[in-house]
Amino acid sequence: MDKPYIIIHTHTSIDGNIDIMDLFEFQEASRQYQELAINPEKQQFGIQGYLNGKTTTEDNMTHYKEPKLEKNAPLVPEGDYINNPDAPMYYLSIDARGELAFEENYSSYGGVNSHIVEVLTEQASNAYKHFLREKEISYIIAGKKEIDYEVMLDKFYHLFGIQKMMVGGGGTLNWSFIQNGLADEVSMILAPIANADPEGHRFFVAKEPYSTIQETAFQLKAVEELEHGTLWIRYAVKNDGEK
């Protein structure tokens, strides 16, 4: 398998909460997170795409709407659909069953329009794939019922030329990349806030069948103080057996 260099980049509160808080410090941490990740003039990683899980996309883009599908949609060709193989930035969206109701074929985030690439499994219906083609949204097939990360990453690398990419959460996706040995680096934008919400979404979350609870250590690379009390902390992901 060929894969991009993968950076898990997420902004979080001191208590590990990645949910939105109505605080100035949160807004500033969010701004700095976006700038470091994808702003053309300020980004630090040199990424060509960023990956989000289905819930993150629902929360921030499609807002739990249902896609309008044609019941008698014409049969689409088998395999992947690559609409924009030379986009300057990609929004990579995991959607195993094909349920996200996109309205455009790009995500406008952080001042950058990123071409959407849907990651589907063989469970996605013909009608949904037709829906994506009508929107000119690229998609790849990676797995039968569950997303096969190795197939997905290999296709990102070879079909879209993505050599560096960001994983932007949520916590279940972040942790699955760590536990499957696919992440190279963890980048944390730490805001000086907390709310101690026991139901809050966390930076890392173990969830069957994608991942399990496992004590894991990281190697500190750098700590930098940003504006308004925000810290940028970077860790290398240790390989198995590395001290």
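Reader: Which residues of the largest nonpolar core touch the most other members?

Author: The model is a predicted one. Its largest nonpolar core has 34 residues. Those that touch the most other members are Leu51, Met152, Phe156, Met165 and Phe177.

Reader: Which element gives the most residues to this core?

Author: Elements that give two or more residues to the core include strands β1 (5-12), β5 (112-120) and β10 (231-237), and helices α4 (149-160) and α5 (171-179). The top contribution is 5 residues, and the element that gives them is α4.

Reader: Which residues is Leu51 in contact with, leaving aside its neighbours within four places in sequence?

Author: Leu51 belongs to the residues that touch the most other members of the largest core. Its contacts, with those neighbours left aside, include Leu92, Ser93 and Ile94.

Reader: How many residues are in the second, separate core?

Author: This core includes Val76, Met89, Phe131 and Ile137. Phe131 is also listed with the buried residues of helix α3 (residues 126-135). The size of the second core is 33 residues.

Reader: What covers the buried residues of α3?

Author: The buried residues of this helix are Ala127, Tyr128, Lys129, His130, Phe131 and Leu132. Just after the helix, Glu136 takes a positive phi of about 60°. The cover over the buried residues of α3 includes β5 and β6.

Reader: And what covers the buried residues of α2?

Author: In helix α2 (residues 54-62), the buried residues are Thr56, Thr57, Glu58 and Thr62. His63 follows the helix with a positive phi, near 55°. Covering the buried residues of α2 are elements that include β2 (49-52) and β3 (90-94).

Reader: How many residues apart in sequence are the parts that the pair of Tyr81 and Tyr139 ties together?

Author: There are 11 aromatic pairs by the rule used. Tyr81 and Tyr139 form a tilted one, with 5.8 Å centre to centre and 40° between the planes. Tyr81 lies in the loop between α2 and β3 and Tyr139 in strand β6 (residues 138-141), so the parts tied together are apart in sequence by 58 residues.

Reader: Is Tyr81 buried or exposed?

Author: Buried means under 20% relative accessible area. Tyr139 is at 0% relative accessibility and counts as buried. Because Tyr81 is at 15% relative accessibility, Tyr81 counts as buried.

Reader: What is the angle between the planes of Tyr90 and Phe160?

Author: Both Tyr90 and Phe160 are buried. Tyr90 lies in strand β3 and Phe160 in helix α4, so the pair ties together parts that are 70 residues apart in sequence. The pair is edge-to-face, with centres 5.1 Å apart and an angle between the planes of 65°.

Reader: Which residues do ring pairs link into a cluster?

Author: Rings can also have a charge over them, and Lys164 lies over the face of Tyr5, at 5.4 Å from the ring centre. The cluster itself is linked by ring pairs. Its members are Trp175, Phe203, Phe204, Phe218 and Tyr235.

Reader: Which backbone nitrogen does the side chain of Gln32 reach?

Author: Gln32 is in helix α1 (residues 24-38) and is buried, with a relative accessible area of 4%. Leaving out residues up to four places away in sequence, Gln32 touches Leu226, Glu227 and Thr230. The side chains of Gln32 and Thr230 are joined by a polar contact of 3.4 Å. The backbone nitrogen that the side chain of Gln32 reaches, at 3.0 Å, is that of Glu227.

Definitions and conventions:
Residues are numbered from 1 along each chain as its sequence is written. This is a predicted model: local features need pLDDT of at least 70, side-chain atom pairs count only at pLDDT 80 or more; totals for chains, interfaces and linings use all residues. Side-chain values use heavy atoms; hydrogens and water are left out. Helices (H or I, at least four residues) and strands (E, at least two) are DSSP runs, numbered from the N terminus. Buried means under 20% relative accessible area, exposed over 50%, partly exposed in between (1.4 Å probe, protein chains only). A polar contact is a pair of N or O atoms within 3.5 Å; within protein, one must be able to donate a hydrogen and the other to accept it, and residues adjacent in sequence count only if both atoms are side-chain atoms. Contact means heavy atoms within 4.5 Å. A nonpolar core is a set of buried Ala, Val, Leu, Ile, Met, Phe, Trp, Tyr and Cys residues joined through side-chain atoms within 4.5 Å. Rings of Phe, Tyr and Trp (its six-membered ring) pair if their centres lie within 6.5 Å; planes under 30 degrees apart count as stacked, over 60 as edge-to-face and the rest as tilted. A charge sits over a ring if NZ of Lys or CZ of Arg is within 6 Å of the ring centre and within 35 degrees of the ring normal.
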